[in-house]
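Let's take a walk through this fold, one neighbourhood at a time. Have the viewer open and click along as you read.

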Amino acid sequence: MNKLCLAFAAAAACGAALADEIKAPEGMDQEEETPVVSVEFGLSFDSRYMTYGVIDGKDPILTPSAQVTFFDWVYFGVESIFDMTKGNGKRGGYGNRAGQYTTLDSIAGLAHEFDLGEDLGTLGVDLNYIYEYIPRYHGSMDDTSYVNLELSLGGHWLEPTLGIERDLMADDGMYINLELGHTFALIDGEEESEDPVLSFCPSVGQGFGNSNRTHGYFAETSEGFHHTGLMDTTIKGELTWNICENLSLSGYIAFSDYWFDGNMRDAARAYNSEWGKGCDHSWNFYGGIALGLAF
């Protein structure tokens, strides 16, 4: 764990130093200046390891991440999930995984925000490829990879985000999630163009999975489950505090359930029940906090 955390910290420090050395051409308007290099470092804590609204780990996880972006377009990142207790090793018979990482993701992508005009707002586009390395102490589990596309529309009272995930190696499954949210500025920034010092964003999201996606996730606990349909519905509230220009702290609470498809609901209940008493239902409450550092 120490070696990986040092690698994340080193990537952030090197990128920040490079960004400080490389300057935009003289005479460029400061407001329109595009940074040549920007760096983000994150550390998040989640009360449970949740995927598609079901439990992949009933105990808390810690997720460090780092990302370097060039010219506000091309980015490369790394992210890893660490178990904090031995309990998350129950599924698959892994035993005590406390302090060990369960996945290591290498990420390459293109992301940009386009100004569509005053009436249409802004369009955010993020297309990335993720290679997910699974440590060999997991036994028979293989690595996998994903292609993800995220489209978001900002500048409106309701801000929609559409996410599309395609698994390329494990089960060739597809998962789609549509989220609607609104950000309330509780404390405004000093300048009109600045992000709020304190904001709250409630949102609701709905997931959809094709038969390959649901089969890959639920087949072992639901006798070969192979069903296309609506998956998790998630209601979330997130509070963000922009402590200063480079540092932010956020926290969220969420509720998810499989409301709209009885077959999916039964499959989610069976999947969760593998974690024992107290998890034998299709719904979940969970939450987390995250620290973000950007240069």
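Start at histidine 281, which sits in the loop between helix 3 (262-273) and strand 15 (284-294). Helices (H or I, at least four residues) and strands (E, at least two) are DSSP runs, numbered from the N terminus. Before going further, bear in mind that this is a predicted model: local features need pLDDT of at least 70, side-chain atom pairs count only at pLDDT 80 or more, and totals for chains, interfaces and linings use all residues. Residues are numbered from 1 along each chain as its sequence is written, and side-chain values use heavy atoms, with hydrogens and water left out.

Is histidine 281 buried or exposed? It counts as buried, because its relative accessibility is 16%; the cut-offs are under 20% relative accessible area for buried, over 50% for exposed, and partly exposed in between (1.4 Å probe, protein chains only). Its side chain reaches the backbone oxygen of tryptophan 283 at 2.8 Å. Setting aside residues up to four places away in sequence, histidine 281 touches Ala268, Arg269 and Asn272, where contact means heavy atoms within 4.5 Å.

That brings us to helix 3 itself. Its 12 residues reach 16 Å from the first C-alpha to the last, close to the 16 Å expected at 1.5 Å a residue; the expected span is 1.5 Å times one less than the number of residues. At the start of helix 3, a side-chain oxygen of aspartate 261 comes to within 3.0 Å of the backbone nitrogen of asparagine 263. Which residues of helix 3 are buried? They are Met264, Ala267, Ala268, Ala270, Tyr271 and Asn272. The cover over these buried residues includes strand 3 (54-57), strand 12 (198-209), helix 2 (211-218), strand 13 (229-242) and strand 15. As a rule, an α-helix has 3.6 residues a turn, so residues three or four places apart point the same way.

Now for the packing. The largest nonpolar core has 12 residues in all: Tyr52, Val54, Tyr175, Tyr217, Phe218, Phe225, Met231, Tyr258, Met264, Ala267, Ala268 and Tyr271. Such a core is a set of buried Ala, Val, Leu, Ile, Met, Phe, Trp, Tyr and Cys residues joined through side-chain atoms within 4.5 Å. Helix 3 gives this core its largest share, 4 residues. Zoom in on alanine 267: leaving aside neighbours within four places in sequence, it is in contact with Phe218, Thr221, Ser222 and Phe225. Apart from this core lies another, of 7 residues, among them Met50, Tyr252, Trp275 and Tyr286.

Next, hop over to arginine 166, in strand 9 (residues 159-167). It counts as partly exposed because its relative accessibility is 30%. A polar contact of 2.9 Å joins the side chains of arginine 166 and aspartate 172. For a polar contact, look for a pair of N or O atoms within 3.5 Å; within protein, one must be able to donate a hydrogen and the other to accept it, and residues adjacent in sequence count only if both atoms are side-chain atoms. The C-alpha atoms of arginine 166 and arginine 213 are separated by 8.9 Å, though the two are 47 residues apart along the chain.

Last stop, the strands. Strand 6 (residues 101-115) and strand 7 (residues 122-133) pair in the antiparallel sense over 12 bridges; two strands pair if DSSP finds at least two bridges between them. Serine 106 has tyrosine 131 in strand 7 as its bridge partner. Strand 7 is also joined to strand 8 (residues 144-154) by 11 bridges, and these two run antiparallel.
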